[in-house]
Amino acid sequence: MPTISFLGLGAIGTPMARHLTQPPFELTVWNRTREKALAFGRDTGARVADTPADAARGAAFIVTCLSTSADVESLLDGKDGLLAGIARGTTVIDCTSGDPATSRRIAATLAAHGADFMDAPVSGGTSGAEKGTLTVMCGGDATVFERIRPVIGAFGTKLVHCGAVGTGDALKSVNNALLAVHVWSTGEGLAALAKAGVRPAVALDVINASSGRSNTSEHLFPERVLTRAFPRTFRLALLDKDIGIAAGVAREQRVASPLLQLTAELFRAAHQDLGEEADHLEAIRLIERRSGVEIA
Ligand code: NDP
């Protein structure tokens, strides 16, 4: 039975880890806030580790799903850190939406301990995680990708090897930058139309039968903004982090990217204004406040 340790039982990590509690896997979990790990252990029968080092001991695969790459890196060192428990030949699969430079540094540190690393961020949201239908975009050696297939296949259906370490992170950040562009531009457009006398539901009905449609206009706005439900599925703080990574990748690659840089600025401002716990779609509240109109 492949022994797996899963670190990071957040909004998306929890439903992902749940798929690994089924045979043929044998799962250990660790979470910084221990109560969440204990509750998960009670629900599923997974073993709860005391520390990252304890989680690493005996694991063939270690899956991490934390907020940022810096958080993953912070778990490596010290007497309780992952490196204190990791054995040669272990494979670390990092499902954090991370940043390429930190992932490359983590991969080098692990390689010095005889362990392999693959950045493997996911898309498909918490509902995709529950259904086990995530897309997993992987950066690292092709042989490592083949080795991790059964593990990431437990929570993903589209498993893609993108290239070297860091390329999964880069692709994920650009995908989320596109989401951010759609959210902001749809919000601005609907605010303008509302003030011009077109109800948002009417506007979306037309846009979704026309070339301006997107997942954002077809699902996110009708289901979460017009209803004023704004369910907290994906924190604005995390989308701000992702678009910041995408803007950084574009700058590093010397790509002229005024739209990505501006979108990063807008989401940073929204994050600062709305705080750590706001959902990503609540960025719309900033447009509404600045324009004096509600998209409802
Ligand atoms: P949450 O904010 O719900 O959870 C974050 C997790 O990371 C928690 O388990 C938290 O522990 C842990 N964590 C954060 N910082 C540290 C640290 N310094 N040391 C140890 N543990 C830490 O985030 P999500 O689950 O939503 O997201 C996780 C990753 O997946 C992010 O990179 C996100 O961008 C990405 N993602 C999220 C999606 C979504 O729909 N939610 C979709 C696709 C990707 P604690 O419980 O103690 O706070």
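The ligand takes up the space of the largest pocket. A molecule is assigned to a pocket if more than half of its atoms lie within 2 Å of the pocket's grid points. The model is predicted, so local features need pLDDT of at least 70, side-chain atom pairs count only at pLDDT 80 or more, and totals for chains, interfaces and linings use all residues. Residues are numbered from 1 along each chain as its sequence is written, and side-chain values use heavy atoms, with hydrogens and water left out.

The largest pocket holds about 1500 Å³ of space. Grid points are joined across faces, edges and corners, and the volume is the space filled by probe spheres set on them. The lining comprises 46 residues. Nearest the pocket centre are Ile12, Thr233, Phe234, Arg235 and Leu238. Elements giving two or more residues to this lining include helix H4 (69–74), helix H9 (167–195) and helix H11 (215–225). Helices are DSSP runs of H or I with at least four residues, strands are runs of E with at least two, and both are numbered from the N terminus.

Around the ligand itself stand 26 residues, each with a heavy atom within 4 Å. Ala11, Asn31, Thr33, Lys36 and Ser67 are the closest. Helix H7 (125–131) and helix H12 (236–252) each supply at least two residues of this shell.

The protein covers 90% of the 900 Å² of accessible area that the ligand has on its own, by the Shrake-Rupley method with a 1.4 Å probe.

Pro23 and Pro24 are joined by a cis peptide bond, with omega about 15 degrees. Arg228, not a glycine, has a positive phi of about 60 degrees.

Technical notes. On a 1 Å grid over the protein atoms alone, a cavity is a set of points where a 1.4 Å probe fits but cannot get out, and a pocket is an open set with protein on both sides within 12 Å along at least five of seven lines; lining residues have an atom within 4 Å of a point.
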